[in-house]
Amino acid sequence: MKKGRRTRQGARNQQSSFERQRLAWQAHHRQTARDALHRLKQRPIGTAMTLMAIAVALVLPAALWLLLGSAQVLDRNLSDTAQLTVYMTPSASDVDASSLLERVRARDDVGSVTLVTPEQGLEQFQKTLGLGDALSGLDKNPLPAALIVKPVTQTPEAVSALSLALKQMPKVDEAQVDMQWLERLKQLSTLGQRVVLSFGALFALGVILIVGNTIRLSVENRREEIEVITLIGATHAFVRRPFLYSGAWLGLGGGIASLILLAAGMAWLSAPLTALAESYGGQWAVPSLGFEGSLFLLIVSTLLGWLGAFIAVGRHLSHMTPK
Amino acid sequence: MIAFEHVGKRYGGRFEALADVNFRLSRGEMVFLTGHSGAGKSSVLKLLTCLERPSRGRIVVAGHDLGRLGNAQIPFYRRQLGVVFQNHQLLFDRSVFENVALPLSIQGFTADEVARRVRAALDKVGLLHREKALPIELSGGEQQRIGIARAVVHKPALLLADEPTGNLDPQLSADIMRLFEDFNRIGTTVLIASHDLALIARLKHRVLRLREGRLVGDEGMGS
């Protein structure tokens, strides 16, 4: 009876000691994180300079990314307006034109077709060029009938296939589509993505180096402390921990600073960019990273700071193994 | 507790700091290690704390063969030791309490357990009333006592001290030595490296004498 009670109590003690250790471990992490933040606050100027350096390194690829994003929106809008103009031969009659219109309209890959009669064409021509009187002097309308065709699929491949098919129809002289600039835009956009990616990789390396160098200096400052705690049984993980927290704080702080810089920069650029877009008859929303993008940036910058610190402390620890 | 078997240590392949050193310490012994500077005292302590590895021979401490201890196991081995340094190696940006608590926080003790043990250790060295002070506000003798409190707070089985009275006057030195004797009396094995021959002679303990890297004397054994 007595023995049974003691065993139960023993089991309870054991369980609670495991629980106690977990709590102690969490408390240690919280304490270390607070200490690391406190140490950064104690050197406000040095910390601020490091944060700004990180922010600058992050702002450049992020801003490029945003501008590329709005360029892609523009690209999509332009692709949606892809259309073909089918010019009929000058000899084609009104009847030829309406039968062609029916045949084109029946195709699956055609979204919509509009017929522009020679008279309408002339009218538009006069309006846009303001040559009313000069053209009314002509005794015969020189313009052929034309069809404006909008394809269902906007990809360059589909559009050029359609244009080939239309060209082979009777009484069709020419099917015109300016594919080249669409393709160039696509290539430019791919190029832009790769430029942003490579800049991103370079500047990520920059953040690692900035944090690494800052942490290396603070490791030097705390060399004695590291030696003492190592000698009284601190594991490498324990020695590393405060520096990893410092690195993560620096990364996070730099990330926040870069978001502020980015928002300020975009606000400053938005007025002229909107005006520019309007002058082309387009609409342009001020790009922003949004919640997910901002969160992504903060996570990446925090991880980069952590990694920079890990590398810096690792170099120091590798010199401390017994010989 | 400690066994040195034909231990040699060379630096850079030429300078021989220790040559064929043999000795044994039983559990609960208190032993002095003496010799001129450069005789090899520091090397013995560096080997015992795993700061260095022996070039030859075997060192066994509390069942651990130090030459074969993996790097990852070294921290856990060191937690079984208490180390007192000549210049006490306190961290000056932390309070007395935090300095003494260091070995316990490394080993993951809870806050209330830490507080209880730190106060017990500070009480033992007679400085409980200074727990909130910064080390810089203490005298040299007090700083050394804090260093000792930090070395014993986790109740190590083996206490190592490197010239613990190096910078202290004779009266303070005697106080410090009495403290070590107190810990020895409750079962802690104590090894003190010191060249304070007058002080050592007054205390009747076993003395290991090193000269040019060799053990030349082992006196007072069993006394």
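Q: Domain bounds here come from an automatic or database domain assignment. Which domains does chain B get, and how far apart do their C-alpha centres lie?
A: Chain B is split into domain 1 (1-80 + 158-223) and domain 2 (90-155), with 24 Å between the two C-alpha centres. Bear in mind that this is a predicted model, where local features need pLDDT of at least 70 and side-chain atom pairs count only at pLDDT 80 or more, while totals for chains, interfaces and linings use all residues. As for labels, residues are numbered from 1 along each chain as its sequence is written, and chains are lettered from A and ligands numbered from 1 in the order in which they are written.

Q: What makes us say that domain 1 and domain 2 of chain B are in contact?
A: Two residues are in contact if their C-beta atoms, placed from the backbone, lie within 7 Å. By that rule, 9 residues of domain 1 of chain B are in contact with 9 residues of domain 2 of chain B. On the domain 1 side, helix H6 (residues 170-185) of chain B gives the largest share, 4 residues. Helices are DSSP runs of H or I with at least four residues, strands are runs of E with at least two, and both are numbered from the N terminus.

Q: Why is Ser270(A) called partly exposed?
A: A residue is buried with 20 or more other C-beta atoms within 10 Å of its own, exposed with 12 or fewer, and partly exposed in between; the C-beta atoms are placed from the backbone. Ser270(A) has 15, so it is partly exposed. This serine sits in helix H9 (residues 236-279) of chain A. Ser270(A) and Arg241(A) are 29 residues apart in sequence and 43 Å apart in space, C-alpha to C-alpha.

Q: How do you know that strand S8 of chain B is largely enclosed?
A: Each strand residue is checked against the burial cut-off, and 5 of the 5 residues of S8 (residues 189-193) are buried, so the rest of the structure largely encloses the strand. Thr189(B), Leu191(B) and Ala193(B) point one way, Val190(B) and Ile192(B) the other.

Q: What makes S8(B) a partner of strands S3 and S7 of chain B?
A: Strands pair if DSSP finds at least two bridges between them. S3 (residues 30-34) has 4 bridges to S8(B) and S7 (residues 158-162) has 5, so both count as paired by that rule. S3 runs parallel to S8(B), and so does S7. Ile192(B) is the bridge partner of Phe32(B) and stands opposite Ala161(B).

Q: Why is the largest group of 67 residues called a nonpolar core?
A: A nonpolar core is a set of buried Ala, Val, Leu, Ile, Met, Phe, Trp, Tyr and Cys residues joined through C-beta atoms within 7 Å. Leu33(B), Val100(B), Ala149(B) and Phe180(B) have the most contacts inside this one. Helix H3 (residues 96-106) of chain B supplies its largest share, 6 residues. A second, separate core has 35 residues, including Ile208(A) and Leu259(A).

Q: How many residues link chain B to chain A, and which element of chain B gives the most?
A: The contact count is 22 residues of chain B with 19 of chain A. H3(B) gives the most to the chain B side, with 4 residues.
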